[in-house]
Amino acid sequence: MLAREGKHQEAMAALDDAAFSAALGARPSTLLELADSARLGGRPGRARDALLAARARHHVTGSTAFLLGKVSADQLKSSADALRWFETYLAEQPSGVFAEQALARILEIHSAGPGDGARAAASRYLAAHPNGSRAALARSVLER
């Protein structure tokens with residue numbers, strides 16, 4: 001498979017719409033591979049679709065929500081969707097392996113955007129990770 005060789009763009013190009021739609025019915029591990037290939041191959045819409053299929057058809061939670069947040073923030077440029085997915089991840093796995101990263105991404109999004117969510121996000125981040133990777137950002141937000 002092209003994706004296993006790191007050829008993610010080629011793997012996505014090889015899947016026409018019908019083949020991609022058929023692949024959405026695959027088992028969870030295949031859907032996660034498909035999502036990774038789509039995400040890394042520059043096809044964020046397909047990555048989102050594969051992750052949503054894994055959640056809906058196979059109840060794969062946690063990491064799928066985190067990846068949906070990353071795709072939404074980094075590739076689809078949808079802060080609102082990213083926030084929703086990072087919050088979903090934290091609700092599903094509050095102590096999960098991506099918990100600090102999810103809180104950091106929430107802080108970054110709020111800090112970069114309008115509104116007053118940045119202070120709350122900074123306080124929340126520092127309460128959970130006072131020495132975390134984004135602690136300096138959180139403190140700077142609170143000092144404004």
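In this predicted model, helix α4 (residues 44-58) packs with helix α5 (residues 63-75) at an angle of about 160°, and their axes lie 10 Å apart. Angles over 145 degrees count as roughly antiparallel, so α4 and α5 are roughly antiparallel to each other. Their crossing is left-handed. On the α4 side, the contact is made by P44, A47, R48, L51, L52, A54 and R55. On the α5 side, T64, A65, L67, L68, V71 and Q75 take part. The residues of this contact divide into 9 nonpolar, 2 polar and 2 charged.

Next, the aromatic rings. The whole structure holds 4 aromatic pairs. Two of them involve F66, as tabulated here.

| Pair | Centre to centre | Angle between planes | Geometry |
|---|---|---|---|
| F66 and Y89 | 5.7 Å | 65° | edge-to-face |
| F66 and F98 | 4.5 Å | 5° | stacked |

What does the pair of F66 and Y89 tie together? F66 lies in helix α5 and Y89 in helix α6 (residues 79-92), so the pair joins parts that are 23 residues apart in sequence. The pair of F66 and F98 also links distant parts of the chain. F98 sits in the loop between α6 and α7 (99-112), 32 residues from F66.

F66, Y89 and F98 belong to one aromatic cluster, together with F86.

Note on methods: Residues numbered from 1 in each chain as written. Predicted model: local features only at pLDDT ≥ 70, side-chain atom pairs only at ≥ 80, totals over all residues. Heavy atoms only, no water. Axes fitted to C-alpha atoms, helices over the stretch in contact; angles between N-to-C directions. Helix = DSSP H or I, 4+ residues; strand = E, 2+ residues; numbered from the N terminus. Parallel < 35°, antiparallel > 145°, perpendicular 65-115°, else oblique. Left-handed = near helix turned anticlockwise from the far one by under 90°. Contact = heavy atoms within 4.5 Å. Nonpolar A, V, L, I, M, F, W, Y, C, P; charged D, E, K, R; others polar. Phe/Tyr/Trp six-rings, centres within 6.5 Å; stacked < 30°, edge-to-face > 60°.
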